[in-house]
Amino acid sequence: MKKKKSALITGVTGQDGAYLAKFLLDKGYAVFGTYRRLSTPNFWRLQYLDIFDRVKLIPADLVDSTSIVEALMISEPDEVYHLAAQSFVGASFEQPVGAGEITGLGVPRMLEAIRSINPRIRFYQASTSELYGNSNTGVQTEETPFRPASPYSAAKLYGYWITRIYREGYGMFACNGILFNHESPLRGLEFVTRKISNAVAKIALGIEKELRLGNMEAQRDWGYAPEYVESMWLMLQQDKPDDYVIATNETHSVAEFARRAFATAGLDWEKYTRVDERFLRPIDVNFLRGDYTKAKEKLGWRPKVTFERLVEIMVKEDLERWGRWQQGKTFPWDAPSYPTEAGILTRALRV
Ligand code: NAP
Ligand code: F7E
């Protein structure tokens, strides 16, 4: 009998890890996922998607090469999706060494382990539109020069190049997905879209009074996460490894996202939103817009969910969650235990 295809996802407890696990399980893969041995592990997304019992979980940390080798030996994967990272740009200014150690050096730790255990394993690296930084070139393609603007993106730049170096130097099947921002109801609360949808729901239900944001002029190319994980899989099914931009080719400001999110709940955003300098970054990326022509032509991938629909999906889901919570129903999601941001003390973000 033909063996089931097997995939190892690092960072399976994150937004993309959870959606990708579901996608691969639906395709008939045996799915293994690494998670961190925290005092209280973070499995709410897998529970939310109802796949917690179907993913085979392996403890591993990117700073610990032995645990990476162990994860590869246990899972014997055909494909590795390397999604684990310290992915919040703001936090990378607070912990720049950690960004380099985890998000940067984690990549060669993965690649070296694969090269010595089984160099035929196909490898996906979670690269990012943050690589472009403020390159000020208008629309970004695979050919646009990179100019990182945070410790996070500097670490990701290293990951991007080391992936290419293993591809070109050792002939490994290693791809970079240069994914632009992608969001969903499973997005972490640190990120601006989910911070907004969560606050809108709480304000609409009388649980909270206002929303404090940083740079509202920043513009992003926002897509829908479940669609983006499919592109990762498509990249690893091609005849040759390559790098691809995955985006919507549409840009909106943080203010536009907030205006539309409040409007979805029948509220006027200006009444509830304030600028708070604590959420400004030492440097910010002002404008991102990705040209996904190559992915469309070579992978047959294109985005389907519009910006308007994305905002609606996120706000409606947070409204439902908080509505259920008010009725005393419990649910495996993160929001109730998230600290008030005013209580988070950081050095880098304090002005
Ligand atoms: P996410 O929700 O923050 O998930 C990150 C995952 O990495 C979590 O499972 C986290 O585990 C794990 N992790 C963090 N530090 C680790 C360590 N030291 N060792 C092992 N695992 C560790 O991020 P995401 O939005 O799903 O993004 C997935 C990947 O794509 C990331 O590499 C991100 O940088 C990249 N990316 C994201 C976007 C986007 O818009 N979402 C765009 C481009 C690229 P815990 O649950 O224990 O924290
Ligand atoms: O910020 C501005 C902020 O944190 C978006 C990660 O997944 O996508 C993500 O990185 C913009 C920035 O995402 C607040 O200054 C204003 O200009 O949601 P974000 P990000 O930094 O774009 C890329 C592609 C990744 O690779 C990353 O892993 O919104 N902004 N006010 C704010 N941002 C936050 N977080 N909080 C605010 O209050």
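First, the conventions. The model is predicted, and local features need pLDDT of at least 70, side-chain atom pairs count only at pLDDT 80 or more, while totals for chains, interfaces and linings use all residues. Residues are numbered from 1 along each chain as its sequence is written, chains are lettered from A and ligands numbered from 1 in the order in which they are written, and side-chain values use heavy atoms, with hydrogens and water left out.

Let me start with ligand 1. There are 26 residues around ligand 1, and those that come nearest are Thr13, Arg36, Asn42, Ser87 and Tyr152. To be near, a residue must have one of its heavy atoms within 4 Å of the molecule or strand in question.

Which side chains put an N or O atom 2.7 Å from an oxygen atom of ligand 1? Asn42 does, and Ser87 does. For the side chain of Thr13, the distance from an N or O atom to an oxygen atom of ligand 1 is 2.6 Å. Taken alone, ligand 1 exposes 900 Å², and the protein buries 90% of that. Such accessible areas come from the Shrake-Rupley method with a 1.4 Å probe, and for residues only the protein chains shown count as cover.

E5 gives the most, with three residues. Helices (H or I, at least four residues) and strands (E, at least two) are DSSP runs, numbered from the N terminus. By type, the shell around ligand 1 has eleven nonpolar, ten polar and five charged residues. Here Ala, Val, Leu, Ile, Met, Phe, Trp, Tyr, Cys and Pro count as nonpolar, Asp, Glu, Lys and Arg as charged, and the others, Gly among them, as polar.

Now ligand 2. Around ligand 2 there are 23 residues, of which Ser87, Thr128, Lys195, Arg281 and Asp284 come nearest. An N or O atom in the side chain of Lys195 is 2.6 Å from an oxygen atom of ligand 2. The corresponding distance is 2.7 Å for the side chain of Tyr152 and 2.8 Å for that of Arg220. On its own, ligand 2 has 700 Å² of accessible area, and the protein covers 95% of it. The shell around ligand 2 divides into ten nonpolar, six polar and seven charged residues.

Lys195 also has a place by a ring. Lys195 lies over the face of Phe279, at 3.5 Å from the ring centre. Arg115 lies over the face of Tyr170, at 3.9 Å from the ring centre. A charge sits over a ring if NZ of Lys or CZ of Arg is within 6 Å of the ring centre and within 35 degrees of the ring normal.

Next, rings with rings. The structure holds 18 aromatic pairs. Rings of Phe, Tyr and Trp (its six-membered ring) pair if their centres lie within 6.5 Å; planes under 30 degrees apart count as stacked, over 60 as edge-to-face and the rest as tilted.

Phe43 and Phe52 form a tilted pair, 5.1 Å centre to centre, with 40 degrees between the planes. Is Phe43 buried or exposed? Phe43 is buried, because its relative accessible area is 15%, and the cut-offs are under 20% for buried, over 50% for exposed and in between for partly exposed (1.4 Å probe, protein chains only). Phe52, at 30%, counts as partly exposed.

Why is the pair of Phe146 and Tyr160 called edge-to-face? The ring centres are 4.9 Å apart and the planes are at 80 degrees, so the pair is edge-to-face. Phe146 is in the loop between E5 and H7 and Tyr160 is in helix H7, 14 residues apart. Tyr160 is buried, with a relative accessible area of 3%. Tyr132, Phe146, Tyr160, Trp161 and Phe180 form one aromatic cluster.

Helix H7 also holds Ser153, which is buried at 0% relative accessible area. The side chains of Ser153 and Ser150 are joined by a polar contact of 2.9 Å. A polar contact is a pair of N or O atoms within 3.5 Å; within protein, one must be able to donate a hydrogen and the other to accept it, and residues adjacent in sequence count only if both atoms are side-chain atoms.

Last, helix H9, residues 225-236. Ten of its twelve residues are buried, so H9 is largely enclosed by the rest of the structure. Among the buried ones are Tyr228, Met232 and Trp233.
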